[in-house]
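This report describes a single protein chain from its computed geometry. The sequence and structure come first, and the description follows.

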Amino acid sequence: MDENKETLRVGAAVRRRRRALELTLAVVAERSGLSVPFLSQVENERARPSMRSLQRVADALHTTCVELLAAADPARSVDVVRADDSEFTHEPRVRPLVRGHHQLHAMEFSGDHDACREFQHRNDELMYVADGAVEVEAEGRAYRLGRGDTLHLTGGVRHRWRATDAETRVLIVAVADHIEAVEDDPRR
């Protein structure tokens with residue numbers, strides 16, 4: 001198998017999610033602010049949405065880009081995502097580090113990030129600053145992170161973050177929202 005010939009088929013994931021919610025393309029178009037013809041092209045793999053458009057679709061489908069991207073490819077036991085794999089680089093420079101529907105998600109964010117967007121995930125998340133610096137707001141407190149710093153967020157914590165340096169690169173690793181992570185009972 002030539003890994004370079006595979007393409008990200010996010011349209012099928014969008015269609016499955018839309019149908020699972022029993023929504024029409026018109027409803028998703030209205031919620032997302034995108035046109036019905038464009039959404040149809042995305043679902044039929046004739047157009048690839050930008051990361052910003054994919055986020056608008058994800059919001060309209062009450063999910064996340066990560067979940068849509070994770071559902072785009074079948075799971076593999078071993079998969080390599082190359083640093084120069086332009087197939088997975090979107091505006092504003094977000095790259096999945098793991099393809100397929102897995103228990104773990106990993107994304108690389110480069111440069112600027114939408115600081116107004118608030119996140120709340122079902123499970124734990126780890127943020128690692130590979131380069132640059134970020135400010136994170138969580139539980140009413142602000143945290144400044146620099147190169148090499150990590151921040152762990154317990155599932156359910158509302159948070160937002162922004163890059164404070166143009167050369168920032170952040171790695172986010174999280175337990176997938178479709179997994180119900182439970183703590184071991186210490187009494188056992």
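## Basis and salt bridge count

A salt bridge is a side-chain nitrogen of Lys or Arg within 4 Å of a carboxyl oxygen of Asp or Glu. By that criterion the structure holds ten salt bridges.

This is a predicted model, in which local features need pLDDT of at least 70 and side-chain atom pairs count only at pLDDT 80 or more, while totals for chains, interfaces and linings use all residues. Residues are numbered from 1 along each chain as its sequence is written, and side-chain values use heavy atoms, with hydrogens and water left out.

## Overall make-up

The chain contains five helices and eight strands, in the order α-α-α-α-α-β-β-β-β-β-β-β-β along the sequence. Helices (H or I, at least four residues) and strands (E, at least two) are DSSP runs, numbered from the N terminus.

Of the 188 residues, 41% are buried; buried means under 20% relative accessible area, exposed over 50%, and partly exposed in between (1.4 Å probe, protein chains only). The chain exposes about 11100 Å², with carbon and sulfur atoms supplying 47% of it; areas come from the Shrake-Rupley method with a 1.4 Å probe, and for residues only the protein chains shown count as cover. Contact means heavy atoms within 4.5 Å. Among contacts between residues at least 6 apart in sequence, 65% join residues at least 24 apart.

A nonpolar core is a set of buried Ala, Val, Leu, Ile, Met, Phe, Trp, Tyr and Cys residues joined through side-chain atoms within 4.5 Å. The largest one has 34 residues, of which Leu 54, Met 127, Val 134 and Trp 161 touch the most other members. Helix H4 (residues 51–60) gives the most to this core, with five residues. Beyond its neighbours within four places in sequence, Trp 161 has contacts that include Phe 109, Phe 119, Met 127, Val 134 and Ile 172.

In helix H1 (residues 10–20), the buried residues are Val 10, Gly 11, Ala 13, Val 14, Arg 15 and Arg 18. They pack against helix H2 (25–32), helix H3 (36–43), H4 and helix H5 (65–70). Pro 49 sits in the loop between H3 and H4 and counts as buried because its relative accessibility is 7%. Its C-alpha is 9.0 Å from that of Gly 11, at a sequence separation of 38 residues.

## Strand S4 and its partners

Strand S4 (residues 133–138) has Val 134, Val 136 and Ala 138 on a covered face, and Ala 133, Glu 135 and Glu 137 on an uncovered one. Two strands pair if DSSP finds at least two bridges between them. S4 runs antiparallel to strand S5 (residues 141–146), with six bridges, and antiparallel to strand S7 (residues 159–163), with five bridges. Val 134 has Leu 145 of S5 as its bridge partner, while Glu 137 stands opposite Arg 160 in S7. Two residues separate S4 from S5 in a hairpin, and Glu 139 in the turn has a positive phi of about 50°.

Glu 135 forms a salt bridge with Arg 144 (2.5 Å, N to O) and another with Arg 162, whose closest N and O atoms are 3.1 Å apart. Arg 162 in strand S7 and Glu 135 in strand S4 are 27 residues apart, so this pair links distant parts of the chain. Salt bridges that share partners also join Glu 108, Asp 131, Arg 147 and Arg 169 into one network.
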